[in-house]
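The entries below are in the order in which I looked things up.

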Protein chains: 2
Amino acid sequence: MSWGRAMPDRPVVAVAGATGAVGREMLAVLEQRAFPAARVLALASARSAGRTLPYAGGRLTVEEMTGESFADVDVALFSAGAGISRQFREAVTSAGCVMIDNSSAFRMDDDVPLVVPEVNAAELARHCGVIANPNCSTIQMVVVLDVLRRLAPITRVVVSTYQAASGAGQAAMDELHGQTRDLLDGRDLTPSAFAHRIAFNCIPQIDVFLDDGSTKEEWKMVVETRKIMGEPGMAVAVTCVRVPVLRCHSEALAVEFAGPVSVEDAARALNEATGVTLLDDPVSQTYPMPAMLEGTDDCYVGRLRADVSVPHGLQMWVVADQLRKGAALNAVQIAEALLGR
Amino acid sequence: MSWGRAMPDRPVVAVAGATGAVGREMLAVLEQRAFPAARVLALASARSAGRTLPYAGGRLTVEEMTGESFADVDVALFSAGAGISRQFREAVTSAGCVMIDNSSAFRMDDDVPLVVPEVNAAELARHCGVIANPNCSTIQMVVVLDVLRRLAPITRVVVSTYQAASGAGQAAMDELHGQTRDLLDGRDLTPSAFAHRIAFNCIPQIDVFLDDGSTKEEWKMVVETRKIMGEPGMAVAVTCVRVPVLRCHSEALAVEFAGPVSVEDAARALNEATGVTLLDDPVSQTYPMPAMLEGTDDCYVGRLRADVSVPHGLQMWVVADQLRKGAALNAVQIAEALLGR
């Protein structure tokens, strides 16, 4: 089975969860990329209905999302949490609307393509109404790994993340700022969006714990990477850590290959790749940093060097804006790829 | 050749660089551990002479450090930078005083033991007047690795660090605080202690770059780990990153072994080890975090779990106070070990 209905050239687009950090970024990306929408709907919970959001020089009035919201919609970008995505899946797809879902609800379902357009846009051909947008920290890693595996097969990846507050939503970004000020001013702190204080701290837990001692975020980076790259046995070791940074995720990668890959060849391949920018000049102390890349679209790579602790290894540092390539931009790129089919 | 002179039971101690972040912590550690000093001298540059520092309920007057400062001193704890250590080495040792040096000046010299007492206190027997205190991020890693290698030989370690501002000194700690407030208040920022803005950022560079694309901090973690552990061929892959945290370093470790090591056995060994505290309870979201461990002495381990991406692997998260075990405490522990000989 696959989706019979073709996407019109100028589709009606809905953003579900439009008032959230990712939802608002989705509207910004649609506008900035001049997505050829016939119309854009901003959907959210009843609580947010009636609010207005900026779009294309005007304001969109937020509508309450109901089962009837999708009657005339061609593509719906969902970022309202896994529960909401599950709740509305049937209403969306039975209306003939394609759901591009930023939540983790359907990512590992066999009939749901998990897509990073630079890596596996071909997967879109087999969708049945739902396409999943991967986890933010997974996206920026696979964009880079996909370029590198063209040079030699990848045998293992060890990755440590330095993840921004934005991955936990707008409230978490606000908490980072407010809590930091409270701390500097000597006021008492009461963590809410995070389990622990995030100001001037690192929290080595993102999402819930699984029985094997890993977190769900770490598990996602393993299983989603395998699915997107089409390498079900790929060895991936992950540690996910929240750091007091606003909206770009950073990752330290140690990549092992089946054969030799020179730093020069890797740099050339990354330089030529779509969606990747190499920012790597030790002499001028140039490398990607999360605070300097807010609002950018590419996956930025720096600190590229040989890893001589294995026969064939490279180490690098990858930064991307969690709200852009890690979420909103990738979802819009999927919608663009559907248009182009 | 080795050092002929025995350490008196109640030695005269000098702290060289007493006004710095590590120097002041050295004084605090000497006091807190009731180090049996006959007398403690606070030495610093002419600029700081005459200042007073708290010690043992009173105040020490800072004296200008000169070649004559060490005439009656038995042990000098140096933390004034590699240049100062090189400049004063001859004056210190020719006065019959043992130099315990926190700088990187002599760490890799063949005739200088590089000591973490929990790991290689026996090395102290061969000192010739100078003993080097290792790099902060190295110390907390080798304390843990030394415990684990008793279970099976370690074949490789991949480590990513999350290093605090304190590693760059008091001015860097002040810069983190002041710059964060400036940023929240919308004022212009001018980085000084760091090459780039540190507030709400991660800087993937610590110390200078080497020709192979690694930083000197990363190189230190490789070569110092090998020297301390007495394993010259040990495979270690390192990425060192500065994060906006005040004074505890964190490290994500992926450790590979030559044979099976269960999580249970590793946890038991770490629990029983001197200088290590296991803080690891996913159910209660308990794990080491840098903001919560300021002023502590142990190396804290959490997030201990199997790494199934290799035949025999463990992953973990290690946090220690950079100014305590990473610097001042380890130096004082070396002095205590000399007393005990």
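Entry 1, a strand pair in chain B. I began with S12(B) and strand S13 (residues 299-306) of chain B, and in this predicted model I found the two paired in the parallel sense over three bridges.

I then traced the whole sheet, an open one of six strands of chain B in the order S10-S9-S11-S14-S13-S12, with mixed pairing. Strand S10 (235-239) and strand S12 (276-278) of chain B stand at the edges, and because each has a single partner strand, one side of each is left without a neighbour in the sheet. From one strand to the next, the twist averages 25°.

Entry 4, strand S6 of chain B. I asked which residues of strand S6 (residues 75-78) of chain B lie on each side. B:Val75 and B:Leu77 are on one side, B:Ala76 and B:Phe78 are on the other, and all are buried, so that I recorded both faces as covered. Strand S1 (residues 12-16) of chain B runs parallel to S6(B) and is joined to it by four bridges, with B:Ala16 opposite B:Phe78. Strand S7 (residues 98-101) of chain B likewise pairs with S6(B) in the parallel sense over four bridges, and there the bridge partner of B:Phe78 is B:Asp101.

I looked up which members of the largest nonpolar core, a set of 232 residues, touch the most other members, and found A:Val15, A:Ala76, A:Val318, B:Val15, B:Ala76 and B:Val318. For A:Val318 I left aside the neighbours within four places in sequence, and the contacts that remain include A:Gln140, A:Met141, A:Val144, A:Glu251 and A:Tyr300.

I checked the length of helix H1 (residues 21-32) of chain A: at 1.5 Å a residue its twelve residues should span 16 Å, and the end C-alpha atoms are 16 Å apart, which agrees. Nine of the twelve residues are buried, among them A:Arg24, A:Glu25 and A:Met26. The buried residues of H1(A) pack against elements of chain A that include strand S1 (12-16), strand S6 (75-78) and helix H8 (324-339). After H1(A) comes A:Ala34, with a positive phi near 50°.

I laid chain A on chain B by a turn of 180° and a shift of 0.0 Å along the axis, with an RMSD of 0.0 Å. The two copies are thus related as by a two-fold rotation axis. The contact takes 49 residues from chain A and 49 residues from chain B. The largest share of the side of chain A that touches chain B comes from S13(A), with five residues.

Definitions and conventions. Residues numbered from 1 in each chain as written. Chains lettered and ligands numbered in written order. Predicted model: local features only at pLDDT ≥ 70, side-chain atom pairs only at ≥ 80, totals over all residues. Expected span 1.5 Å × (residues − 1). Buried ≥ 20, exposed ≤ 12 C-beta atoms within 10 Å, placed from the backbone. Contact = placed C-beta atoms within 7 Å. Least-squares fit on C-alpha atoms with pLDDT ≥ 70 in both. Core = buried A, V, L, I, M, F, W, Y, C linked by C-beta atoms within 7 Å. Pairing = 2+ DSSP bridges. Axes fitted to C-alpha atoms, helices over the stretch in contact; angles between N-to-C directions.
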